[in-house]
Amino acid sequence: MKKLCDMKKLCATIVLILVFPLAIHAAEYRPQVAAHRGASAYLPEHTLEAKAMAYAMGVDFMEQDVVFTKDDVLVVLHDHTLETTTDVEKKFPGRQRPDGSFYAIDFTLNEIKSLLVTERFDPKTKKAVFGNRFPVNFDIDFRVPTLEEEILLVQGLNKSTGRNVGLYVEVKEPAFHEKEGKAIMEATIEMLGKYGYNKEGANAILQIFDYDAVKKSRELGWKADLAMLVDMDGQMLRDDKSIHKWLLTEEGVKEVSKYASVFAPWFSHLAEPASDGKSYTIAPCAQWARDAGMKLHTWTYRADSLPKGFISENEVFEAAFNKIKVDGIFSDFPDHVIQYLEKNGLR
Ligand code: CA
């Protein structure tokens with residue numbers, strides 16, 4: 001009898017040892033999914049329709065890229081120019097700058113609202129950037145939303161579903177906006193504050209490619225999470241490649257952790273492809289970021305454009321969630337990421 005009892009105890013202990021740590025681990029590690037420009041693999045990016053679809057997929061964060069209009073309204077648009085996703089060339093011929101681009105900052109909100117939005121295309125060839133996504137056409141009434149409209153959409157859905165999806169707001173090209181006399185950092189922080197997001201622990205992350213602007217956002221009183229986006233190419237309108245190179249060094253990571261709570265490099269800076277393109281190695285900056293107390297996020301998972309060094313979606317997710325263990329990922333295909341996480345007990 002005693003033997004049986006001991007056996008039972010032993011079995012119970014083994015079960016506890018085997019199951020409990022896994023259960024704790026699963027509860028601790030729950031990577032978050034951000035809808036990159038909405039469910040942009042399925043509907044034109046940054047439309048409210050793409051955001052509603054992403055919301056229904058069960059994302060944790062909705063991404064907004066913000067730029068200013070001529071009359072100082074924050075609109076949700078990835079590029080600081082309009083010709084890659086709207087019919088601006090047809091509606092406002094001659095309004096481009098000498099470099100040939102139609103800058104959002106040169107148009108009023110009313111003018112931008114008069115534009116129809118479509119799937120991202122190459123303005124020269126008029127062909128879609130991603131051939132298997134939503135068609136490029138201007139026959140559907142998709143529009144550019146304001147940041148405020150998008151906040152109201154997410155907050156409205158949070159109310160009607162009882163969920164709590166967060167905002168992940170990127171201020172685009174702060175130095176360019178400042179040069180044009182537009183205080184975009186101040187305006188974004190003020191708008192987020194108006195809707196209750198500027199406080200510690202709020203469900204919003206401010207994300208910026210500009211290191212100086214990351215520092216400045218704390219000076220301006222941003223209290224919630226702050227992500228430093230890192231890409232060796234730096235920003236489009238600012239020559240800061242050397243700063244981004246430095247941000248991937250141990251010193252750079254430590255320095256930025258004084259301001260940022262999230263370190264968010266391009267995926268290929270975390271899983272560096274080998275020169276033959278057939279394998280990858282994990283970069284040390286992942287560990288440095290953790291050691292410095294930051295969360296690790298990365299971008300952008302696209303099933304129709306896999307990162308270099310990878311041949312399958314599963315391989316990318318294994319690297320991201322089993323090896324590097326990122327805390328968050330941006331994806332045009334949030335449903336693919338969520339399905340993987342669910343299947344593997346990480347959600
Ligand atoms: Ca972005």
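Where does Asp233 lie? In this predicted model, Asp233 is found in the loop between β6 (225–230) and α9 (241–247). The residue is exposed, with a relative accessible area of 52%; the cut-off for that class is over 50%. Asp233 and Lys245 are separated by 12 residues in sequence, and their C-alpha atoms are 8.6 Å apart in space.

A calcium ion is coordinated by Glu63 (OE), Asp65 (OD) and Glu170 (OE), at 2.2 to 2.4 Å. Glu63 belongs to strand β2 (residues 61–68) and Glu170 to strand β4 (residues 166–171), so the pair ties together parts that are 107 residues apart in sequence. Written as a pattern, the spacing of the donor residues is E-x1-D-x104-E. Both Glu63 and Glu170 are buried.

The backbone was examined next. Most residues other than glycine have a negative phi, and most peptide bonds are trans. Arg37 has a positive phi, near 60 degrees, although it is not glycine. This residue is in the loop between β1 and α2, and it counts as buried because its relative accessibility is 9%, the cut-off being under 20%. The loop between β1 and α2 holds His46, which counts as buried at 3% relative accessibility. The peptide bond from Trp299 to Thr300 is cis, with omega near -15 degrees. Thr300 is placed in strand β10.

Strand β10 (295–301) is also part of what covers the buried residues of helix α14. The helix spans residues 334–343, and its buried residues are Pro334, Asp335, Val337, Ile338, Tyr340 and Leu341. An α-helix has 3.6 residues a turn, so residues three or four places apart point the same way. The cover over the buried residues of α14 also includes β1 (32–35), α2 (48–57), α13 (313–324) and β11 (328–331). Just after the helix, Gly345 has a positive phi of about 70 degrees.

In soluble globular proteins, nonpolar side chains tend to be buried together. The largest nonpolar core in the model has 70 residues, and Leu206, Val256, Phe263 and Phe321 have the most contacts inside it. Helix α13 gives the largest share of this core, six residues. Beyond its neighbours within four places in sequence, Phe263 is in contact with a list of residues that includes Met228, Val230, Leu247, Val256, Ala289 and Leu296. A second, separate core has 17 residues, among them Leu82, Phe102, Ala104 and Leu109.

The largest pocket has a volume of about 540 Å³. It is lined by 24 residues, of which Arg37, His78, Lys172, Phe209 and Met236 are the closest to its centre. Strands β2, β4 and β10 are the elements that each give two or more residues to this lining. By class, the lining of the largest pocket consists of seven nonpolar, seven polar and 10 charged residues. The second largest pocket holds about 450 Å³ of space. Of its 21 lining residues, the closest to the centre are Trp266, Ser268, Trp299, Arg302 and Pro307. At least two residues of this lining come from each of α11 (267–270), β8 (271–273) and β10, and the largest share, four residues, is from β10. The lining of the second largest pocket divides into 10 nonpolar, six polar and five charged residues.

The largest cavity holds about 90 Å³. Sixteen residues line this cavity, and those closest to its centre are Glu45, His46, Leu77, Thr85 and Val117. Its lining has five nonpolar, seven polar and four charged residues. The second largest cavity holds about 70 Å³. Residues lining this second cavity include His36, Arg37, Glu45, Glu119, Arg302 and Asp332. By class, its lining has three nonpolar, two polar and seven charged residues.

Terms used
Residues numbered from 1 in each chain as written. Predicted model: local features only at pLDDT ≥ 70, side-chain atom pairs only at ≥ 80, totals over all residues. Heavy atoms only, no water. Buried < 20%, exposed > 50% of the residue type's maximum accessible area, 1.4 Å probe, protein only. Contact = heavy atoms within 4.5 Å. Donors = N, O, S within 2.8 Å, 3.2 Å for Na, K, Ca; no water. 1 Å grid on protein atoms, 1.4 Å probe; cavity = no way out; pocket = protein on both sides within 12 Å on 5 of 7 lines; lining within 4 Å. Points joined across faces, edges and corners; volume = space filled by probe spheres on them. Nonpolar A, V, L, I, M, F, W, Y, C, P; charged D, E, K, R; others polar. Core = buried A, V, L, I, M, F, W, Y, C linked by side-chain atoms within 4.5 Å.
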